[in-house]
Amino acid sequence: MYIQIRSVAATVAFALLAACSGGDGGDATTSSFTSTVTVPGAPTIGAATAGNASASIAFTAPASNGGATITAYTATCSASGQTTRTGSGTASPIAVSTLTNATAYACSVTATNSAGTSAASASVNVTPVAATTGTTSTASVLCPYSISTPVTLGNGTTLTSTASWTCSGTTRALSGNAIPNHTTGIFPNTGNPNTISAQVISFSATTAPVLSTTSSTGSPTVGYALNSVKFEPGTAGTCASTVTAASQCNLANGAGGTWRVEALGQTAFDFGVDSNFAHVQPTGEYHYHGIPIGMLTNDNNTGQKMTLVGWANDGFPVYARYGYTDPTSASSAIKTIRGSYVLDTVPDSGRPSVTIAALGAFTTDWNYSAGSGDLDDCNGRTGVTPEFPAGIYHYYLTDTYPYQPRCRKGS
């Protein structure tokens, strides 16, 4: 018996000849099959994130790689009257540079393996935009602004929500009591033992914010809503690496653990948040961890529109949930804005077991991935808004992680 292996181009044929008993003059049987490598299927296009003379194009791999490893992806962006630009890489997203700002491009992605290049994906539109530089004045927007509104809380108590914003020079100042101007959940509750009470809120930010080229972290408070309730994405809850049950984690003051627990997007830990993604600190201060749904309801925001809900520490405005599809065009469709963070697929070393807390429960389970959503690492972007038709850098509160900004862009 012998085996003969023969290769021609991408086709491999096998023949097996088996001699009859005695080995001479017997019948032989030939068995063959053919395996052919083809080009991959087309990738599935995702979101396109505008940059300064650039765009980041997200996509997912094709269902079929054609029988061979995909070695490269190429994003191609074209616009009428402009030079077609490309970018390449081995994974999503792909950056395309040297684009012309304020010009609408159509971008698609192809995949390449040893047999060749796939058909192009569907296209996605993006308009590159130059980053805001220098100083942008916000003093003419909602300043002065004040509310004094009786509100019945979830436990039946009626309090008055007060907030007053005034501007002087280049400073926007807030005084208020942190009582929201909308109904709340019931507090105390099983996940939150604290009762809402009036606070003394004093906050100020510049009316001349300057966009930096770097991201910075600082106060855990992002800023304040127009109703004087603070935006605070993080929690004091932590777990040690050695815990064997969620109940062993400290959700009150962070003592004894290095793994920071998220308030939203997980089910292992109950922080008692209400429908406004808010709860109450031991001091009695009600605060938002996500989108203040009650504020959107008060604004009759049922038709999807951009809504200014507050101001960040660095002076830039904060919007909730909705934004323009094209950040440079107020005539483009309104859509739900998504953050650009992705969930780990493998737990970090030393992390408490996923049987105790599934991926997503800890801050370090999430990582920024440019182009996977609509926003930058600080949950913001530069573009036009109803209050700033010439464009400004602005933050978003989103339904997806990080829910609120985890860093600042203002210098």
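1. Basis of the note. The model is predicted, with local features needing pLDDT of at least 70 and side-chain atom pairs counting only at pLDDT 80 or more, while totals for chains, interfaces and linings use all residues. Residues are numbered from 1 along each chain as its sequence is written, and side-chain values use heavy atoms, with hydrogens and water left out.

2. Strands here are DSSP runs of E of at least two residues, numbered from the N terminus, and two strands pair if DSSP finds at least two bridges between them.

3. The pairing of E3 and E4. Six bridges join E3 to strand E4 (residues 54-60) in the antiparallel sense. Ala-48 stands opposite Ile-57 of E4. In general, such strands pair through backbone hydrogen bonds.

4. The hairpin of E5 and E6. Strand E5 (residues 72-78) and strand E6 (residues 85-89) run antiparallel and are joined by five bridges. Ala-75 has Gly-87 in E6 as its bridge partner. Six residues lie between the strands of this hairpin, where Gly-81 takes a positive phi near 80°.

5. Salt bridges and the Glu-262 pair. The structure holds seven salt bridges, each defined as a side-chain nitrogen of Lys or Arg within 4 Å of a carboxyl oxygen of Asp or Glu. One of them joins Glu-262 to Arg-406, with the closest N and O atoms 2.8 Å apart. Glu-262 is in the loop between strand E19 (259-260) and strand E20 (278-280), and Arg-406 is in the loop between strand E29 (392-397) and strand E30 (408-410), so the pair ties together parts that are 144 residues apart in sequence. Glu-262 is buried at 1% relative accessibility, where buried means under 20% relative accessible area, exposed over 50% and partly exposed in between, with a 1.4 Å probe and protein chains only. Arg-406 is partly exposed at 22%.

6. The Arg-321 pair. Arg-321 and Asp-399 form a salt bridge of 2.9 Å, N to O. Because Arg-321 lies in the loop between strand E23 (317-320) and strand E24 (322-324), and Asp-399 in the loop between E29 and E30, this pair ties together parts that are 78 residues apart in sequence. Arg-321 counts as buried at 18% relative accessibility, whereas Asp-399 counts as partly exposed at 35%.

7. In the salt bridge of Arg-351 with Asp-365, the closest N and O atoms are 2.9 Å apart. Arg-351 is buried, with a relative accessible area of 8%, and Asp-365 is buried, with a value of 0%. Lys-230, Glu-232 and Glu-285 are linked in a network of salt bridges.

8. Asn-276. This residue lies in the loop between E19 and E20 and counts as buried at 2% relative accessibility. Leaving aside neighbours within four places in sequence, Asn-276 is in contact (heavy atoms within 4.5 Å) with several residues, among them His-182, Thr-183, Tyr-286, Pro-292 and Gly-294.

Terms used: Helix = DSSP H or I, 4+ residues; strand = E, 2+ residues; numbered from the N terminus.
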